[in-house]
Amino acid sequence: MCDCVNLESSYDGKKVEDIPELASIVDEVRTDFKTWETEYVCKDCGQKWLEKYVSKGHGEVPLTQKI
Ligand SMILES: [Zn+2]
């Protein structure tokens with residue numbers, strides 16, 4: 001049983017690997033090497049997650065969110 005429904009809908013500043021409770025339940029689906037967006041899917045419930053990078057101030061910060 002996964003914890004997707006109890007997880008935040010968006011994690012500002014975090015990659016999937018920074019969120020252990022999420023990293024342990026998702027599989028990587030595809031990576032878009034132009035935009036550096038990586039799509040993940042929960043192995044249990046099928047919830048899709050997107051990890052991407054957002055320009056902010058001096059650089060890019062990661063953002064992981066439900067899609
Ligand atoms: Zn799930």
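Of the 67 residues in the chain, 10% count as buried. The model is predicted, with an average pLDDT of 96 over the chain and 100% of the residues scoring at least 70. The secondary structure amounts to 1 helix and 5 strands, and the elements follow one another from the N terminus as β-α-β-β-β-β.

**Overall dimensions and confidence**

- The radius of gyration of the chain is 12 Å, which agrees with the value near 11 Å that a compact globule of 67 residues would have.
- Taken along the principal axes, the C-alpha atoms occupy a box of roughly 40 × 20 × 15 Å.
- Where contacts join residues at least 6 apart in sequence, 33% of them link residues at least 24 apart.
- Confidence is highest in strand 3, at a mean of 98, and lowest in strand 4, at a mean of 95.

- The 5 strands make up an open sheet with antiparallel pairing, arranged in the order 1-5-4-3-2.
- Strand 1 and strand 2 (26-32) are the edge strands; each has a single partner strand, so one side of each has no neighbour in the sheet.
- From one strand to the next, the twist averages 25 degrees.
- In a regular strand, side chains alternate between the two faces of the sheet.

- Strand 1 (residues 10-12) pairs with strand 5 (residues 59-66) in the antiparallel sense through 3 bridges. Within this part of the sheet, Ser-10 has Gln-65 of strand 5 as its bridge partner.
- Strand 5 is also joined to strand 4 (residues 48-56), again antiparallel, by 8 bridges. Val-54 is placed opposite Val-61 of strand 5.
- Strand 4 and strand 3 run antiparallel and are connected by 4 bridges. The bridge partner of Glu-39 in strand 4 is Leu-50.
- Strand 3 (residues 37-42) and strand 2 are antiparallel and share 6 bridges. Asp-27 faces Val-41 of strand 3 as its opposite residue.

**Hairpins and their turns**

- The hairpin of strand 2 and strand 3 has 4 residues between the strands, and Trp-36 adopts a positive phi near 60 degrees there.
- Trp-36 is not a glycine, yet its phi is positive, at about 60 degrees. Trp-36 sits in the loop between strand 2 and strand 3. With 12 other C-beta atoms within 10 Å, Trp-36 is exposed, because a residue counts as exposed at 12 or fewer such atoms.
- Strand 3 and strand 4 form a hairpin with 5 residues between them, and Gly-46 in the turn has a positive phi of about 85 degrees.
- The hairpin of strand 4 and strand 5 has 2 residues between the strands, and Gly-57 takes a positive phi near 55 degrees.

**Nonpolar core**

- The largest nonpolar core consists of 5 residues, namely Leu-22, Ile-25, Val-26, Tyr-40 and Trp-49.
- Leaving aside residues up to four places away in sequence, Tyr-40 touches Val-16, Val-26, Asp-27, Glu-28, Val-29, Trp-49 and Glu-51.
- Val-26 and Trp-49, both among the contacts of Tyr-40, are also members of this core.

- Asp-12 belongs to strand 1, and strand 1 is one of the edge strands, each with a single partner strand.
- Asp-12 is exposed, with 12 other C-beta atoms within 10 Å.
- Asp-12 and Cys-42 lie 30 residues apart along the chain, and their C-alpha atoms are separated by 19 Å.

How values were computed: Residues numbered from 1 in each chain as written. Predicted model: local features only at pLDDT ≥ 70, side-chain atom pairs only at ≥ 80, totals over all residues. Core = buried A, V, L, I, M, F, W, Y, C linked by C-beta atoms within 7 Å. Buried ≥ 20, exposed ≤ 12 C-beta atoms within 10 Å, placed from the backbone. Contact = placed C-beta atoms within 7 Å. Pairing = 2+ DSSP bridges. Axes fitted to C-alpha atoms, helices over the stretch in contact; angles between N-to-C directions. Rg over C-alpha atoms; globule rule 2.2 N^0.38 Å. pLDDT = per-residue confidence, 0-100.
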